[in-house]
Number of protein chains: 2
Amino acid sequence: MPVNDRLVVVGSVALDSLETPFGRREEVLGGSASYISVAASFFVSPRVVAVVGEDFPAAHLEFLASRGADLTGVVRQPGRTFRWKGRYEFDLNVAHTLDTQLNVFALFRPELPEAYRDSEYVFLGNIDPDLQRSVLDQVRSPRFVGCDTMNYWITSRRDSLLRTLKRVDMLFVNDAEVRQLAGEHNVVKAAAAVLTMGPRALVVKRGEYGALFFSGGEVFAASAVPLAAVFDPTGAGDTFAGGFMGYLARSGRLDHAAMRRAIVVGTVLASFTVEQFSLDRLRTLRPDEIRARYAEVRRLAHFEDLEPEVLSGPTGR
Amino acid sequence: MPVNDRLVVVGSVALDSLETPFGRREEVLGGSASYISVAASFFVSPRVVAVVGEDFPAAHLEFLASRGADLTGVVRQPGRTFRWKGRYEFDLNVAHTLDTQLNVFALFRPELPEAYRDSEYVFLGNIDPDLQRSVLDQVRSPRFVGCDTMNYWITSRRDSLLRTLKRVDMLFVNDAEVRQLAGEHNVVKAAAAVLTMGPRALVVKRGEYGALFFSGGEVFAASAVPLAAVFDPTGAGDTFAGGFMGYLARSGRLDHAAMRRAIVVGTVLASFTVEQFSLDRLRTLRPDEIRARYAEVRRLAHFEDLEPEVLSGPTGR
């Protein structure tokens, strides 16, 4: 079977230090590009564009390569790797950033190797919207562009972000971000407003509550997998995006039914990521486990049609 | 068609004063028994047990009767009707109580008319767990008992509540309540703990995020209907319970498939309630609107099986 290398992903590669109520880890593999590319690697061989410092452990790059990721676009720069330090309380939906050291990531200017420029699927991780557009300028004819962003860009680089959004097929944000971007508290109204800004599809990630997908007049509500043990929510959103994009690139389809399956795949992949620290769960994850949990989500969400007679007026009303 | 009067509901009837970002209303019809019985009335003719004061407007009782509710068990006592005053900010998930005047509700001792005692379906609204058991003592052979409660009873009347739970088939609580009752932050673990306390089924209501149903090893995740206009969330949980119980009593079935449909019916009814103040939306609601929104929720949650080949190892791994 030929390698499917139609997907390019751009984002950060980082060393994370994490504290949760269940334990802590120092300087483990993190960053959006890491989660996205490993999640996508269950479906395709993603092309990665990122930057690391001189201190970045070779073992992490070897792990990404072992997943079939193309690392031609990962450059090593003089200086230290991007570091992020965060803490979660029992409410794992909220990350408290303790420290951010951008290091070499501050000077990241994504440059696509010539061999990447025929990519059909593009995922723009959460970076400066100017840089996101510079990536699109380097892809000859993208078929589907997914894009993440965050509160910082929405407030401080709004005009640039709006320019990026005009070139994006699907935006990936959380509840707070879609409200902030639209200036509207109601998520349904906010989603409708964002769909006038350029993207033809939007997914609103809601952590343990699942995700809402909006496109045209259509809405899809995907439940998250209810988990008895959530260990470390870091990277859940990026894993979701990676699973979504990987599945979509592999399937080759862009209809709504395929988008819905892609969203469930993203949800399923994310449900594994949070079971262990860093990308540890993804290291051992097998395709049959993904398939089984997808089937579990089908059962989780299943219900039948209403019998017509139950609403036929019990008291002759 | 004979009147289906197998369901008895016990709870409060109140006059609510409400403030939301979208408007305010003074002394409108409220109380758990009002919402529960009107929601149930789309499926059965509920028997209502409640207390009102001398000042309670006859028009409200006429409305409940016009919905087919049996009001034999609604007693009028000397004194004023229960009053609740609440405010919602833009986060409509959180009610801020401004004032509570129990009035005649403080002396409520639910007494079932003889004709109610053959009821097969019982819903115990959010009242003192001692009173909830006194209701059960008056029902000869209940087939299915649903029960609501709240943080106040969980903390101050825990032992009594635990005695009630041993006689309940299904508990209706929200996220915070299930965590508090179980002393466990993780909702899946908390649900498992509550299922050892007596109920064989549990629904965790999550407001705009939908509901989780737990029974045996089974979990069902129902999405709430994403609404562009939520006006007044008062009574959403009670409407959910009323729709659930009404559908269940009407269907006559207690299997898991029927429970799942009942949960979606509850979700659908609640989605109408919040569209207007008080019970106003339920006053004009038609069966075909319920049917249409149920079908909408089916479309909302629908996705297909994963194609087996997408996980068959894209790069020969």
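How many aromatic pairs are there over all chains? The count comes to 25. This is a predicted model, and the points below take the rings, then the interface, then one glycine.

1. **An edge-to-face pair.** A:Phe231 and A:Phe277 have ring centres 5.2 Å apart. Their planes stand at 90 degrees, so the pair is edge-to-face; the cut-off for that class is over 60 degrees.

2. A:Phe231 is partly exposed, at 27%. The reasoning rests on one cut-off: buried means under 20% relative accessible area.

3. **A phenylalanine cluster.** Ring pairs also join A:Phe123, A:Phe144, A:Phe172, A:Phe240 and A:Phe244 into a cluster.

4. **Extent of the interface.** Contacts between the chains involve 65 residues of chain A and 65 residues of chain B. The area buried between chain A and chain B is about 5,600 Å². Carbon and sulfur atoms give 57% of that area.

5. Ten salt bridges are counted between chain A and chain B. One of them pairs the side chains of B:Glu304 and A:Arg261, at 2.9 Å from N to O.

6. **What chain A brings to the contact.** Several elements of chain A each supply at least two residues of the side that touches chain B. They are helix H6 (175-182), helix H7 (187-194), strand S13 (218-222), helix H8 (236-251), helix H9 (256-273) and helix H11 (287-301). Which element gives the largest share of that side? H11(A) does, with nine residues. By residue type, the side of chain A that touches chain B divides into 34 nonpolar, 13 polar and 18 charged.

7. **A glycine in H8.** A:Gly237 is found in helix H8 of chain A. This glycine is partly exposed, with a relative accessible area of 26%. How far is the C-alpha atom of A:Gly237 from that of A:Arg293? The separation is 18 Å, for residues 56 apart along the chain.

Terms used:
Residues numbered from 1 in each chain as written. Chains lettered and ligands numbered in written order. Predicted model: local features only at pLDDT ≥ 70, side-chain atom pairs only at ≥ 80, totals over all residues. Heavy atoms only, no water. Contact = heavy atoms within 4.5 Å. Buried area = accessible area lost by both parts, 1.4 Å probe. Salt bridge = Lys/Arg side-chain N within 4 Å of Asp/Glu carboxyl O. Helix = DSSP H or I, 4+ residues; strand = E, 2+ residues; numbered from the N terminus. Nonpolar A, V, L, I, M, F, W, Y, C, P; charged D, E, K, R; others polar. Phe/Tyr/Trp six-rings, centres within 6.5 Å; stacked < 30°, edge-to-face > 60°. Buried < 20%, exposed > 50% of the residue type's maximum accessible area, 1.4 Å probe, protein only.
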